Amino acid sequence: RAPYIAQALALKVGVDMDKLFEFNEVNANQIAENTTAFSIYELMTDVTFVEPANCYSGCSVETGELTFKVRVTGFDAAKGSVRFEIGPDQALGAIDADGFATAAFSLGAGNHTVTARLVDLQGEPIDPQVLTTIHVMAE
């Protein structure tokens, strides 16, 4: 569910807040008749790691070739891609029709910080920046 950025409840003519909440001349069956509600929302752009599995705040992995996968929501794949970063190493992952992007890296033993960042078609971070980071320990 997308976060709401605005919600409102408007009273129709002839009904005031006292009548509505005290049920003075208005009963519960008439609520829909006497109010108009609406919400304006915007799907928030987000990037979330899905592989390695269950690696939300940190995890251990084996050294060697490892594939990282993220789910992208609220972003038009035709307008950019995901840049995966591990130290100085970078790889671009195209966002597929299902909203996933992947990249593979060869990890040596030790701690690694992995960042997935949304970038535009020129490879520059989108504004405002959308990124996520995980920490992996390669053993």
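Cys-55 and Cys-59 are joined by a disulfide, with 2.1 Å from S to S; a disulfide here is a pair of cysteine sulfur atoms within 2.5 Å. The structure holds 1 disulfide. The model is a predicted one, in which local features need pLDDT of at least 70 and side-chain atom pairs count only at pLDDT 80 or more, while totals for chains, interfaces and linings use all residues. Residues are numbered from 1 along each chain as its sequence is written, and side-chain values use heavy atoms, with hydrogens and water left out.

The link of Cys-55 and Cys-59 is left-handed, with -80° about the S-S bond. Cys-55 counts as buried because its relative accessible area is 1%, and Cys-59 counts as buried because its relative accessibility is 18%. Buried means under 20% relative accessible area, exposed means over 50%, and partly exposed lies in between (1.4 Å probe, protein chains only).

Strands (E, at least two residues) and helices (H or I, at least four) are DSSP runs, numbered from the N terminus. Strand β4 covers residues 59-61 and pairs with β10 in the parallel sense over 3 bridges; two strands pair if DSSP finds at least two bridges between them. The bridge partner of Cys-59 in β10 is Val-136.

Strand β10 also pairs with β9 (residues 110-120), and these two run antiparallel, joined by 8 bridges. Here Asn-111 has Met-137 of β10 as its bridge partner. The C-alpha atoms of Asn-111 and Met-137 are separated by 4.5 Å, although the two residues are 26 residues apart along the chain.

In a regular strand the side chains alternate between the two faces of the sheet. Met-137 lies in β10, which spans residues 131-138, and counts as partly exposed because its relative accessibility is 29%. Setting aside neighbours within four places in sequence, Met-137 is in contact (heavy atoms within 4.5 Å) with Cys-59, Ser-60, Val-61, Gly-110 and Asn-111.

Another strand to look at is β6, residues 80-86, where Ser-81 is placed. Ser-81 counts as buried because its relative accessibility is 13%. Not counting residues up to four places away in sequence, Ser-81 touches Phe-75, Leu-92, Gly-93, Ala-94, Ile-95, Arg-117, Leu-118 and Val-119.
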